[in-house]
Structure formats: C-alpha cells, structure tokens
Amino acid sequence: MKRVFAFVGFSTAVTLILLNVIAFSYVKFILLTTAVLLSVSLSVKKLRQEKVLPITFCSILFACLVFVFCVQVNVAPQKSLDGKTAYARFQIVDIETKSNGVYLYTVKTSSIDLPNAPQNIKLKIKSKAKIYSDYYDNISGMLSFYSYAKNGFDSFGDYGDGIYVRAGLINYDVASNDNKPFNYHLIKLRLKIREIIENNLEGEKAGLALSIFTGDKRSLSDNVAKSFKVCGISHMTAVSGLHISLICLLIYIFLKFLKIPDFLRTFITLFILFIYSGIADYSKSVIRAGIMITVMLLAKLFNNKADALNSLGLAVFIICLNPFAVTDVSAVLTSSAVMGLTVIKPAFDEYIKPENRVIKYFYDGMFAGLSVLIATLPALWLFFGKVSLLSLIINIIAVPVMQIALISVFLLIPLSYIPVLVFIPKYTASFSLGALIKIADFSREHFEFLYLNISDSIFGLSISGILLLTGVSVLIFSKADIRIISFFIAVMLSVSTVLSIYDYNRNAYVTVSDNGAVFIYDKESIVVIDADDNGDCYALEEIADSKSFNTALIFNSYNKESRITDILPYAEFISDNKISMSAGSNITIEYNSGIITAAVSDKVFKIDNDYVTINGYKYFRNIYDKFSEKGDFTFIVTPNSELQIKDG
C-alpha cells in the first residue's frame with residue numbers, strides 16, 4: 001500500500017476536526033462505532049488485504065483515544081479552576097501582548113495553592129498594569145481563574161498551545177532567576193530581531209517585515225492586514241512552508257557553494273531550521289513544514305526520493321499527537337494548500353501541458369492558486385466564511401516579490417552589524433515590502449468585489465457535495481476526474497453565490513462581537529453599539545465590506561469616532577439619552593437611559609450593558625468579562641421573521 005502516512009495523517013486530522021466541533025458526549029459513541037468497524041474490516045479477508053479501511057479505522061480510533069485522554073487528563077482538571085481564586089507561582093514564558101491598555105501574558109505555573117488543583121500548567125493571565133519582570137523570573141501572586149472557550153475552535157489557538165484557562169492578576173511579587181532555559185534566549189533573539197527590523201525599516205514596512213519573517217503580526221497595521229486578506233495573500237504574513245523552504249534552500253545552496261560535505265551541510269541546515277522555527281515561535285504550520293523538509297533532506301542524504309504527500313501525512317500525524325492542533329487556522333490552511341499542490345495541481349497537469357516558458361509560468365501560477373483554493377475551500381468556509389478570487393492572479397505577482405522581501409530581511413539581520421553592507425538588504429527589503437503593500441492596496445481599492453462572502457449554509461452544502469463527488473469518483477474510477485470535479489465546482493459555487501447574495505440582501509442581522517459590540521444591520525442600514533476598541537472596528541469593517549449602507553447610527557462609541565468615520569463616512573453619532581427613530585425599513589431603535597431596544601422586522605432585541613435579550617433568552621455580550629457563555633454570534637432574521645442563531 002502506497003502513502004500509508006498520508007492515509008494515517010489525514011484520517012487522524014479530519015477525525016480530530018470533527019471531535020473538536022461536536023459535543024464531548026458523542027465522542028464515546030464515535031469511538032465505539034469505529035472499534036466495531038475496525039473489527040469488521042480486520043475479520044473480512046478482502047477488506048483486510050486491501051489495508052485501506054483497517055488503517056483508516058485504526059487512525060480514527062487512535063484520534064478518538066488521544067482526544068478523550070487529553071480532555072480527561074489535561075482539559076477537565078484545568079477547567080475545574082473556573083471561578084476560583086488562588087495564590088500561584090509562575091514564570092512568563094513568551095512575549096506579552098497589549099490591547100486597549102490590558103496586558104496579556106503567557107505563563108507556566110510551578111504551583112497553585114488549591115486542593116487537587118493541577119500543577120505545572122500553561123495559561124494566559126490578564127493584567128491592567130505591566131508586570132516588571134524578566135522572562136522566566138519567579139513570580140508569585142494571586143490569580144482569579146476563568147474558563148473562556150467551549151472547544152478548541154473557540155479558543156483562538158490557545159487549546160493548540162496547551163492553554164485551557166485564563167486568569168486575572170490581582171497582585172504579584174518577583175524574584176530573579178539566573179537559571180534561564182534555552183527558550184529564554186530564543187525570546188531575546190526574537191526581541192533583538194524586532195529591534196533590528198524596526199531600526200532599519202519604517203512604518204507599515206517594518207510591521208510587514210516582522211510578520212513575514214517571524215509570523216509576529218502585532219506590529220502589522222490594520223490597513224495592510226485587511227488589504228492582504230482581500231487579495232488572498234494573508235498566507236505571506238504567517239511563517240509556513242513557503243518561508244521555511246526558501247530559507248532552507250538559501251542556506252543549503254550557500255553551504256554547497258562553500259564545498260561543505262553533504263552530511264554536514266544537511267545537519268547545519270536542519271540546525272538553522274530548528275533555530276528559525278523557534279524565532280517563528282514553533283507555530284503548527286512551522287512544525288509541519290519543518291518535519292516535511294527534515295524528511296526530504298534526510299531522504300536526499302540517503303539517495304532516496306521523499307514522497308511529498310506521504311511526508312505531509314507524517315507531519316500532520318505528528319502534529320495531531322496534540323489533538324487540538326487541528327484547531328490552529330494556519331496549520332489547517334497550509335496543510336490543505338500543500339495537499340492541493342501535491343494532489344490537485346498534478347491532476348491538472350495531466351490535461352494541460354504548455355510548452356512556452358512564459359505561458360507555462362502563468363499557467364503554473366494560475367493553476368497552483370486554483371488548486372490551493374479548491375483544497376482550502378472547506379477550511380475557508382469553516383474559519384472565515386470568505387474567499388478571495390483575487391488570489392488566483394495576485395499570487396503570481398506577489399509571491400516572487402515576497403520571496404525577495406523575505407531573503408532581504410533574512411540577510412538584513414546579520415548584516416545590520418556591518419554598516420558598509422547593510423544598505424543592500426535594507427533598501428532591497430524596503431523596496432520589495434513597499435511594492436507588496438502597493439500591490440495589495442491597489443487590488444483592494446479596485447477589485448474588492450472579488451472578495452466573496454461564503455459563510456452561508458448554502459456554500460457549506462456545496463462544499464460537502466464537492467467532497468462527496470470526489471470520494472465517489474475515487475471509489476468508482478480509482479481516481480478523481482479533475483475535469484468533472486472542476487465543472488461541478490464552478491456550477492455549485494456559481495449557484496451558491498447567487499443564492500447567498502439573494503438571501504444576504506433580504507435578511508436582517510444582529511451580530512455580537514467577541515469584545516461586546518453589537519451591530520444591527522440589513523442591506524441598507526446599520527446600528528453600531530459600544531464599538532470602543534480596534535477589535536470592534538475590525539468586525540465593523542468586515543461587515544461594511546459586504547454592504548452598501550445608506551444610514552449608520554452610532555451609539556456609545558466616541559473614543560473610536562475617527563476610525564468609525566473612516567469606515568462609515570456618513571455615520572451619525574447619537575448622544576441623546578432618550579431617542580426613538582427608524583434606522584431603515586426593517587430596523588427601529590429606542591434608546592432610553594443606556595438601554596437600547598431594537599425592533600428588527602417583528603423581533604425585539606433588548607441590549608443593556610451585559611446582555612442581548614431576545615424571546616426571553618439572555619446572551620452574554622463579552623466573553624472576557626462574562627465568560628460563562630461564548631460571545632461572537634449572529635442572530636439572523638429572515639423576511640418571514642424566522643430567527644436563526646449562528647455562532648462563530
């Protein structure tokens with residue numbers, strides 16, 4: 001049987017994605033059903049000889065067991081801390097972030113003074129003041145613990161990093177620690193790289209350079225992030241296989257030029273790969289790419305040709321030893337993209353083989369982008385609900401420019417200590433980064449209509465149909481017929497787009513962002529309530545991108561007035577304490593003593609400081625302050641006044 005690891009890796013990953021979505025009570029049922037199916041596949045001789053089904057069922061069973069073990073041993077004990085306050089000793093183990101005046105620290109505890117409390121756990125703590133401590137110093141303080149996510153997908157990547165609870169810092173004391181681990185020096189290296197980049201590049205270019213080289217998006221401007229997303233080139237701002245392979249290839253060729261022997265050249269490259277992975281904070285996509293490149297370099301060393309799909313399957317399987325790694329968006333997208341390039345793109349190549357070099361370049365770029373788009377479509381629907389058709393063209397232009405920028409930044413780091421030489425990578429990086437920003441801004445300004453909303457359930461059904469057709473094609477013909485599937489994709493997505501736009505323009509919506517802002521809107525009007533931070537404005541921008549509002553009423557959002565005005569130039573800011581007015585054909589607003597009542601079609605929503613109330617049910621507005629329920633959800637009111645609730 002060929003490509004065993006591909007079957008094992010992808011079966012395990014798909015199973016874990018399902019397990020992270022469904023209620024935990026169903027996991028045991030899936031485990032039992034899989035065990036029965038595995039027994040059947042082993043007892044039937046023909047199925048046993050084919051090997052595919054036994055290996056697949058064995059992988060599914062393994063995924064279930066790993067998931068159950070992790071939930072019972074790690075997640076449940078830590079979630080038992082929810083709502084408790086305790087004295088703890090801990091160390092800061094990563095670079096902190098700051099948002100809206102609040103600091104967020106990743107820490108590792110050495111002890112928590114509670115009976116039966118889990119010890120030596122990783123968590124994030126929030127503090128209104130900066131903690132004056134070096135990384136890995138010994139800190140003791142009072143923590144108030146809380147659980148903030150129902151599953152891995154709700155945790156914004158924290159579950160994948162082994163973080164299942166958060167805590168608020170009440171007070172603390174610091175004691176210095178001279179025994180620093182290896183990761184301390186990696187953190188200092190990352191900070192030094194940030195300093196070098198910020199000293200040599202300016203503004204948006206510095207933030208983009210830092211994101212491209214290290215995956216750190218904290219300095220990436222909202223404008224650049226939005227333009228890259230609309231153009232479908234956000235993958236450039238997260239270190240993945242494209243970045244890792246280019247850096248490793250550069251090092252490998254340089255060592256070969258120096259006549260370094262194969263064995264030593266391979267292990268020097270792998271050592272630098274390990275350090276660079278640490279600079280990129282060992283993200284899931286970096287680990288996946290690192291494993292694949294390690295397999296390929298070792299295969300080359302022993303004169304064997306590594307199979308890309310099998311190597312990807314092995315990398316995915318190793319990552320899946322952490323059952324929440326599949327909830328990391330970048331890891332799922334990059335793995336899907338590689339699968340598109342190794343499976344779908346070669347299928348296109350069987351039918352289309354241009355000979356002319358110029359035509360072949362554009363063909364490879366276009367169909368590589370199409371293959372990646374097809375492979376990542378389920379993940380795009382699941383995580384974002386949007387897809388950029390611009391990516392099919394822009395990547396052909398932007399990827400070579402990004403590669404120049406990445407190499408330039410890579411050379412800028414060591415050459416920054418040699419003033420005579422540093423100007424070469426400095427100006428090359430500045431020019432290429434500036435070109436990327438201009439390409440993205442121009443494309444966003446003129447072609448944003450190609451950034452499509454696919455969040456509707458119609459698209460989900462279409463994607464399921466595509467996957468089903470692919471599976472049936474493989475079963476009947478032993479391979480997927482790319483021509484039939486491509487035609488089916490085009491038809492399904494075209495029909496889905498038309499129906500989705502039709503529904504989207506007929507419905508009214510009440511969206512609650514995960515920071516507590518409320519947006520009430522239909523096809524022509526929007527009401528904005530408590531949009532008082534950058535996250536709320538970003539959510540507003542996402543909504544405004546897909547609508548052409550004629551009216552915009554803004555309540556309690558004065559500290560972001562200039563930002564909101566940039567998004568909605570015609571916005572009217574309401575300051576009266578008592579007001580009743582219409583906000584469009586489907587929305588009526590009453591504002592009285594800080595409480596807003598919104599009539600959306602014939603559904604009435606009451607919005608106070610803590611809750612959105614509809615039909616007698618209360619929904620918390622802020623997952624960080626009111627963490628017993630999940631935020632970030634949308635009420636959909638259809639023309640016949642049916643009410644639907646969509647999480648995520």
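**A close look at the sheet**

Author: Happy to! Strands S16 (residues 595–600) and S17 (residues 603–607) pair in the antiparallel sense, with five bridges between them. Strands here are DSSP E runs of at least two residues, and helices are H or I runs of at least four, both numbered from the N terminus; a pair of strands needs at least two DSSP bridges. Keep in mind that this is a predicted model, where local features need pLDDT of at least 70 and side-chain atom pairs pLDDT 80 or more, while totals for chains, interfaces and linings use all residues. Residues are numbered from 1 along each chain as its sequence is written, and side-chain values use heavy atoms, without hydrogens or water.

Within this pairing, Ile 596 stands opposite Ile 607 of S17. Stepping back, the open sheet has six strands in the order S14-S15-S16-S17-S18-S19, with antiparallel pairing. Its edges are S14 (578–582) and S19 (617–620); each has a single partner strand, so one side of each is left without a neighbour in the sheet. From one strand to the next the twist averages 15° (axes fitted to C-alpha atoms, angles from 0 to 180 degrees between N-to-C directions).

Now to the core. The largest nonpolar core has 54 residues, among which Ile 197, Leu 208, Ile 244 and Leu 436 touch the most other members. Such a core joins buried Ala, Val, Leu, Ile, Met, Phe, Trp, Tyr and Cys residues through side-chain atoms within 4.5 Å, buried being under 20% relative accessible area (1.4 Å probe, protein chains only). Helices supplying at least two residues each include H5 (182–200), H8 (241–257) and H14 (391–415). H14 gives the most, with ten residues.

Definitions and conventions: Buried < 20%, exposed > 50% of the residue type's maximum accessible area, 1.4 Å probe, protein only.
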